[in-house]
Amino acid sequence: MFLEVEDLNTYYGASHVLQGISLTVNKGEIVALLGRNGMGKSTTLKSIMGLVKPKSGKVLLNGQDLAGKPPHMVARAGIGYVPEERRIFPNLSVLDNLAMGIKSGQNKNGQNGNIWTVDRVFEHFAKLKERAKQKGCLLSGGEQQMLAIGRSLMGNPELLLVDEPTEGLAPILVQEVREVLDDINKAGMSILLVEHNLKVAMSLADRIYLMGKAHIGFAGSVEELENQPEIREKYLEV
Ligand SMILES: Nc1ncnc2c1ncn2[C@@H]1O[C@H](COP(=O)(O)OP(=O)(O)OP(=O)(O)O)[C@@H](O)[C@H]1O
Ligand SMILES: [Mg+2]
């Protein structure tokens with residue numbers, strides 16, 4: 001097992017927002033974490049990344065426990081994070097934004113010695129290459145999302161945590177982001193994906209976890225979820 005999250009408990013003040021979350025990601029997989037608003041999906045990613053400190057539980061990456069470590073150490077250990085709000089630097093160029101991805105913590109080993117460079121990012125994101133010298137604020141929403149993903153790759157993660165990458169994007173851009181995730185996964189990247197677009201998630205994922213309030217309510221394959229409308233109704237549909 002590559003990423004093993006074991007019995008994670010996280011609080012915001014007195015509110016117990018993750019109550020014993022356990023999940024795994026195998027090498028090379030895309031695993032989707034889905035559920036309705038406010039269930040704790042983003043908090044799960046933040047707790048893995050060290051942006052929120054879990055009260056108890058383990059975050060094992062290749063057997064090393066990262067739970068409670070600060071984000072730059074988690075990044076150096078090999079986990080990249082693309083936040084929901086993208087947080088690109090509006091006044092920096094695309095190139096300088098990519099360079100910032102190294103600063104937030106770089107995994108020196110790369111993914112099997114495979115190091116991400118600006119050129120390699122541009123191979124996967126042709127649109128960003130065209131706009132290399134433009135300021136971040138001039139990019140479209142879809143391009144900003146590509147940039148946020150590209151920037152996180154510059155840290156040489158072995159696993160990428162991606163929070164709602166298609167949120168707020170026009171349908172054509174949703175497809176472009178979907179393809180980029182598919183493409184970097186085929187290049188070997190393992191991904192834990194939080195996504196509200198069920199079609200996108202089901203088309204990308206090897207396995208699915210569904211969250212109910214503060215807990216995992218379902219774990220299974222895409223096929224198992226397809227065959228159980230009552231589960232989808234319980235955890236997804238409104
Ligand atoms: N910084 C915070 N302080 C206090 N409570 C918070 C904070 N962030 C989130 N919460 C609460 O924790 C719970 C889980 O939130 P979280 O953002 O993880 O949900 P989510 O599943 O990502 O939802 P969404 O689909 O809306 O993004 C919610 O009840 C939310 O209101
Ligand atoms: Mg969220």
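The model is a predicted one.

The sheet is open and has four strands. Their order is β2-β1-β4-β5, and the pairing is antiparallel. Strands β2 and β5 form the edges. Each of these edge strands pairs on one side only.

The pairing of β1 with β2 was examined next. Strand β1 spans residues 3–12, and strand β2 spans residues 15–25. Eight bridges link β1 and β2, which pair in the antiparallel sense. One residue of interest here is E4, whose bridge partner in β2 is T24. Strands β1 and β2 form a hairpin with two residues between the strands. In this hairpin, G13 adopts a positive phi near 60°.

At another part of the sheet, β4 meets β5. Strand β4 covers residues 56–61, and strand β5 covers residues 64–65. Two bridges join β4 and β5, and these strands run antiparallel. Here L61 is placed opposite Q64 in β5.

Helix α3 was considered separately. This helix runs over residues 94–103. Its buried residues are V94, N97, L98 and G101. Viewed down the axis of α3, these buried residues fall within an arc of 100°, so they line one face of the helix. Several helices take part in covering the buried residues of α3. Among them are α4 (118–124), α5 (126–130) and α6 (141–153). Just after α3 comes G105, with a positive phi of about 125°.

For G40, a backbone N or O atom lies 2.9 Å from an oxygen atom of ligand 1. For K41, a side-chain N or O atom is 2.8 Å from an oxygen atom of ligand 1. For S42, a polar side-chain atom lies 2.8 Å from an oxygen atom of ligand 1. Taken alone, ligand 1 exposes 640 Å². The protein buries 60% of that area.

Notes. Residues are numbered from 1 along each chain as its sequence is written. Chains are lettered from A and ligands numbered from 1 in the order in which they are written. This is a predicted model: local features need pLDDT of at least 70, side-chain atom pairs count only at pLDDT 80 or more; totals for chains, interfaces and linings use all residues. Side-chain values use heavy atoms; hydrogens and water are left out. Two strands pair if DSSP finds at least two bridges between them. Buried means under 20% relative accessible area, exposed over 50%, partly exposed in between (1.4 Å probe, protein chains only). The arc is that of the directions from the helix axis to the C-beta atoms. Contact means heavy atoms within 4.5 Å. A polar contact is a pair of N or O atoms within 3.5 Å; within protein, one must be able to donate a hydrogen and the other to accept it, and residues adjacent in sequence count only if both atoms are side-chain atoms. Accessible areas come from the Shrake-Rupley method with a 1.4 Å probe; for residues, only the protein chains shown count as cover.
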